[in-house]
Amino acid sequence: MKFSEIVHKLDLVSEFNSLTDNKDCDPEISGVAPIDEAANGTLSYIEGGKFAAMVGKTDASALILPLDQTLQTQATERGIAWIATSEPRLVFAKAIALFYKPWQPAPEIHPTAIIHPDAQLGENVYIGAHVVVQAGVKIGNHVCIHPNVVIYPGVEIGDRTILHANCTIHERSKIGADCVIHSGVVIGGEGFGFVPTAAGWFKMEQSGYTVLEDGVEVGCNSTIDRPAVGETRISRNTKIDNLVQIGHGCQVGENCAMAAQVGLAGGVKVGNRVILAGQAGVANQAKIGDGAIATAKTGIHNDIEPGAIVSGIPAIPHKVFLKAAAIYHRLPEMYQTLKQLQRQK
Amino acid sequence: MKFSEIVHKLDLVSEFNSLTDNKDCDPEISGVAPIDEAANGTLSYIEGGKFAAMVGKTDASALILPLDQTLQTQATERGIAWIATSEPRLVFAKAIALFYKPWQPAPEIHPTAIIHPDAQLGENVYIGAHVVVQAGVKIGNHVCIHPNVVIYPGVEIGDRTILHANCTIHERSKIGADCVIHSGVVIGGEGFGFVPTAAGWFKMEQSGYTVLEDGVEVGCNSTIDRPAVGETRISRNTKIDNLVQIGHGCQVGENCAMAAQVGLAGGVKVGNRVILAGQAGVANQAKIGDGAIATAKTGIHNDIEPGAIVSGIPAIPHKVFLKAAAIYHRLPEMYQTLKQLQRQK
Amino acid sequence: MKFSEIVHKLDLVSEFNSLTDNKDCDPEISGVAPIDEAANGTLSYIEGGKFAAMVGKTDASALILPLDQTLQTQATERGIAWIATSEPRLVFAKAIALFYKPWQPAPEIHPTAIIHPDAQLGENVYIGAHVVVQAGVKIGNHVCIHPNVVIYPGVEIGDRTILHANCTIHERSKIGADCVIHSGVVIGGEGFGFVPTAAGWFKMEQSGYTVLEDGVEVGCNSTIDRPAVGETRISRNTKIDNLVQIGHGCQVGENCAMAAQVGLAGGVKVGNRVILAGQAGVANQAKIGDGAIATAKTGIHNDIEPGAIVSGIPAIPHKVFLKAAAIYHRLPEMYQTLKQLQRQK
């Protein structure tokens, strides 16, 4: 598709773009590419920072640029068509969607799927081969359940939700509309509830519920546990990456993002718009305020204030952590100096 | 069920409870609930600590309380029926079991299960849809194998063990009686054995065995590897949470608990009653003594004494870690002070 | 098999071994065993170090020893047959292969497998029960696909590659020859791409490709994501352990090893022969040079030089980390001393 058509489809005609001055530079764009691999005929983007220099080198035929006149001029000089925006990454995300739609099978109930006669299926659902749907399950409209998924009794699944292959949804789970559950995910498995006794561990049955509200995504092989009582709840539009553990009874707010291998122990309360970077962990019952951020590998043991940015094990304010971490390697030298000063007394 | 019936069924008639003084306060209890969400008609519990204040606020109709007269009086005054015990959480766990039993399908061999003709099945087994049982597998009595589980050749599974949906048991594995293997678990996969050579990695075949003794539980998507030689062994009643990695040749003792995302490298020896908190890791060949505890995110590289409580990367005694961690953020200030003192010399 | 036959089959006749001086000591060897569990009739090995003392105690009938005359003499005196080599572990790995071959099913297309009519299958493939192969998939010769695997449309799988039970290969993935994909692995799942906007997270479609070159192994329940644009690529002979996360757009070189629970965020570039130990993590866009090593739990935020050995969070040179970590527990004492010195001024 022509560059001008992309600009049109993205509704960016009135934004700064190279077509205003240079209507003839309207390359045919066949796809989207990362800036350091972009070939002739592709559209890429630059957000600024260390990739800005790529404007001078890339083979891309069109670029989404930040509101930076120098970069725009540079692109024009190199014969690259461009759109300028305050949100290059967002515009690029929209551009990708012009070239690619993820594969979605047409509605079908595969004959090898085993569906309990009292399960309720909505309209236009896809249920792939070897899926198992147990008694009392309710599945909304336009739901897509890929092969080899297993759904335990009584589960509810909202409209347009996608369950990828080989995931498992346990009893007492309710998944909202427009969710994406990736391959290998386990929702509603029994929480880790064992009470120590003189005779060993006594198992606490996990009789609670697991609720995913609308628009939640859960990455491959992540696990979200069912609690002993009450609910484990992931609120609207929260996005969870791969291999994440959400313990029993956690309450996660809206619009959070949890990167891969994050772990929440039991009963953690996470506010709205919280970001936990990769491999961060949160201890039992801790509360994390709205908008807080934990950097990669942070270990949170106590409550975190709204808006705080924390790092380290245990977590401290990120800025403090950066300064302390910058000194850490000097510990042996500091220790020697200190001993020397003491001797000189 | 009436509160008095619960007291009776839990065999707590002779313990302190509100019925002695107040026989008429015998509410109908319809379920169990966490203390901060308990509605009218539910039973909840308080262990003390920060939740003690909830006695004054909860809508629960009955409570399991610690041996604390103040809390008991407070409950009585608010018209809440109560039982007092030295182990509120344990009694609550038993109470949950009065209201809830996890779903367990009736014995059946689903017609879509593929079972090798020479596999041996015990009595009253459930084998769900699309399960695959390869040659030479031996399955005990009352075993429950949920849909889409795959069992490689020669595996043995003990009586009453439950395998949840989508888990995989590899050859040379032996699982005891009364185990629970949660969804997505992989038991007996090939250990990570590669010998470095000038020509690259040389694969060491994993010819050993993976043994889970009776009463072991393994959480969703955890992995327990098969060793090159000898055994990987998880001893009686050890409980393992989700996304845990047990490397090839590890020997884990009895009654241990490993929280989510714990990782044991190869050949680790763990004693009895060891507790490893979330995201803790143990390096190759390390030994952990009986009753030791590692807090969340601890990195163990060397042997740990029996009964020790350790924290940090690398692990040091927990008390020492707490003190050092409390000073860590002062490193920049200490560094400045030190430079100043040197200058003043 | 006789010890002499093992020596012969391993092509070690001309190496130092006990048969030269002691032809009659040629025990029948029935299997291989770890040194601390080796019974009569087994072959084991010793690399030196802390296991060297086992020569004096083991019940093994034959040993693979390092080039250490003391150990050899000791073995001879105890009537143990031995081979000496500069690479005991490698020779032991080869010896295991004389006694054990992993189970590999004979070629067969199981009648319950659902294979799209336009999928292309090579010769002598095994496709197990309940496997699903979607449209346009190309499968090479001698490929072995265990039960309940799901392959999305258009995937390519090279010759002799093994896919273990319950793994999932998503669209836009290409797996080379001689790969092993262990149970529960997810290849090519959607990368975690969400752009923050005032209205919440905007999903960036993941339109790129996931490529595993020849000889790659991926451990149980690991996940390798598909990027928005470009490729995620794992190069030849790289070995990945269990529960590892490789984010979208990562480029991993040849002959690397990543231990269990390692996590790479997005766009990480890893050179050749890099070793990442257990639970190490690498932040977005970081570059790791050829031959670098990160020890367990290391957190890498910035680029790492070729050949560097790093530890800590954030990563610093390993030797520096060891020294600083050895002082860490003295922080409270240092802080007190410092305050005292200041007071004495």
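Okay, quick definition before we look: domain bounds here come from an automatic or database domain assignment. On that basis chain A splits into domain 1, residues 3-99, and domain 2, residues 108-322. Taken over C-alpha atoms, the centres of those two domains of chain A are 38 Å apart.

Keep in mind that this is a predicted model, where local features need pLDDT of at least 70, side-chain atom pairs count only at pLDDT 80 or more, and totals for chains, interfaces and linings use all residues. Residues are numbered from 1 along each chain as its sequence is written, with chains lettered from A and ligands numbered from 1 in the order in which they are written.

So how do chains A and C relate?

Now, chains B and C. Contact means C-beta atoms, placed from the backbone, within 7 Å. By that rule, 54 residues of chain B are in contact with 53 of chain C.

Let's zoom in on helix α5, residues 331-344 in chain C; helices are DSSP runs of H or I, at least four residues, numbered from the N terminus. Which residues of α5(B) meet α5(C)? They are B:Met334, B:Thr337, B:Leu338 and B:Leu341, and across from them sit C:Met334, C:Tyr335, C:Leu338, C:Leu341 and C:Gln342.

Technical notes: Two residues are in contact if their C-beta atoms, placed from the backbone, lie within 7 Å. Axes are lines fitted to C-alpha atoms, for helices over the stretch in contact, and angles run from 0 to 180 degrees between N-to-C directions. Helices (H or I, at least four residues) and strands (E, at least two) are DSSP runs, numbered from the N terminus.
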